[in-house]
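Reader: I am new to this structure. Please take me through one part of it closely, strand by strand.

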Amino acid sequence: MTEWKIGLSGTAVARNGDVVVPVRGGIPRGIVARLALDAGEPVSAELLIAELWADPPEAVLSSLRAHISRLRGREWGEVLRGSRDGYLLDVPRTSVDLLAYRDGVERASTLAPAARAEAIAAAERSW
């Protein structure tokens, strides 16, 4: 598996190694972004539906499954997984800029003041 980087701050972008991985369409982009927010952890289909569809169609579960299938059939098959608890992006938290930043700031808060500034600067670079 190559190293994935998912940028959620600013313009959302995903890279698999050096290759930019496009995600076209509002719902597919929303699926990737929502799963990235919980990198490595499953997100239930019910939660995805509630957060991505303002007025879900009658066959919304089928629609979600079709979007997931298309994403997996493209570049996302390597990291987009289904589980009994929902769907997940099988990437470490450090692969998602927003999560790397949050984790870095949280880590910095536990450090002595002299080390805190450098740790916060490192977290900002991940953003």
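Author: β2 and strand β3, residues 19–20, pair in the antiparallel sense. Two bridges join them. This is a predicted model. In one of these bridges, Asn16 has Val19 of β3 as its partner. The two strands form a hairpin. Two residues lie between them. Gly17 sits in the turn and has a positive phi of about 70°.

Now the other partner of β2. Strand β1 covers residues 4–7. β1 and β2 also pair in the antiparallel sense, over four bridges. Lys5 has Arg15 in β2 as its bridge partner. β1 and β2 form a hairpin too, with five residues between the strands. In that hairpin, Gly10 takes a positive phi near 70°.

So β2 pairs with β1 and with β3, given that two strands count as paired when at least two bridges are found between them.

Next, the faces of β2 itself, residues 13–16. Which residues are on its covered face, and which on its uncovered one? Ala14 and Asn16 make up the covered face. Val13 and Arg15 make up the uncovered face. In a regular strand, side chains alternate between the two faces of the sheet. Arg15, on the uncovered face, is the bridge partner of Lys5. Asn16, on the covered face, is the bridge partner of Val19.

One last stop is a loop elsewhere in the chain. Arg84 is found between β4 (80–83) and β5 (86–89). Arg84 counts as exposed because its relative accessibility is 81%, and the cut-off for exposed is over 50%.

Conventions. Residues numbered from 1 in each chain as written. Predicted model: local features only at pLDDT ≥ 70, side-chain atom pairs only at ≥ 80, totals over all residues. Heavy atoms only, no water. Buried < 20%, exposed > 50% of the residue type's maximum accessible area, 1.4 Å probe, protein only.
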